Amino acid sequence: MRAFIHKALNLTALLTIVFACDSDLSDDAIPLAPFDPIQINLTLPTYVSLMSTGGYTAINSGGTRGIILYRKDISTVLAFERNCSYQPLNACATVEVHSSGLYMNDACCNSTFRWEDGNPTGGPAWRPLVQYSTSLNGNVLTITDQILN
Ligand code: FES
């Protein structure tokens with residue numbers, strides 16, 4: 001009996017590992033953390049990449065796990081939460097910009113997200129990344145915790 005229980009437990013552990021990265025449509029709610037508006041002067045050297053279309057950078061302040069910023073066009077910078085939308089409570093559920101610069105990804109289970117709207121394009125994620133409201137006034141970018149999606 002004991003051996004049977006032991007085997008059953010081992011099997012459960014194995015299945016948990018195997019299926020941990022499969023799509024889970026009953027996933028945890030995405031945690032939200034209110035934050036005060038963040039103002040960034042894009043002429044500062046740290047943010048210079050955001051001065052041209054297609055540029056991006058990540059900041060560690062704001063959101064649950066920081067924010068990825070993407071210069072969409074001359075008048076728009078998009079702001080995405082870095083907490084992955086798939087199994088967001090996982091310690092490793094943090095999104096980065098892929099080394100190609102063409103999209104965002106979470107190396108945890110290899111979910112990928114597109115710049116346009118943070119929607120998933122591959123991997124187990126099925127919800128978009130949380131997108132925060134931004135406004136650009138000259139070279140001053142303001143990000144608020146108002147959620148757009
Ligand atoms: S936590 Fe696995 S893909 Fe994001």
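**Note on the strand pairing in this predicted model**

1. Tyr 132 has Ile 147 of strand S10 opposite it. This pair belongs to the antiparallel strands S9 (residues 131–137) and S10, joined by five bridges. Strands here are DSSP runs of E with at least two residues, numbered from the N terminus; two of them pair if DSSP finds at least two bridges between them. Two residues lie between the strands in the hairpin of S9 and S10, where Gly 138 has a positive phi near 65°.

2. On provenance: the model is predicted, so local features need pLDDT of at least 70 and side-chain atom pairs count only at pLDDT 80 or more, while totals for chains, interfaces and linings use all residues. Residue numbers start from 1 along each chain as its sequence is written.

3. S10 (residues 140–147) also pairs with strand S1 (residues 38–41), in the antiparallel sense, through four bridges. Two positions can be checked directly: Gln 39 is opposite Thr 142 of S10, and Asn 41 has Val 140 of S10 as its bridge partner.

4. These strands belong to an open sheet of six, ordered S1-S10-S9-S4-S3-S2, with antiparallel pairing. S1 and strand S2 (56–59) are the edge strands, and each pairs on one side only. From one strand to the next the twist averages 25°; the axes are lines fitted to C-alpha atoms, and angles run from 0 to 180 degrees between N-to-C directions.

5. Another open sheet has four strands in the order S5-S6-S7-S8, again described by antiparallel pairing. Strand S5 (96–97) and strand S8 (120–122) each have a single partner strand, so one side of each lacks a neighbour in the sheet. Two bridges link S5 to strand S6 (residues 104–106), which are antiparallel. Within S6, Asn 105 is the residue opposite Glu 96.

6. Confidence should be read alongside the above. The mean pLDDT (the predictor's confidence in each residue, from 0 to 100) is 89 for the chain, with 87% of its residues at 70 or more. Over residues 11–18, however, pLDDT stays under 50, and the model has zero contacts beyond four places in sequence for that stretch. A contact requires the C-beta atoms of two residues, placed from the backbone, to lie within 7 Å. Where pLDDT is low, predicted coordinates should not be read in detail.
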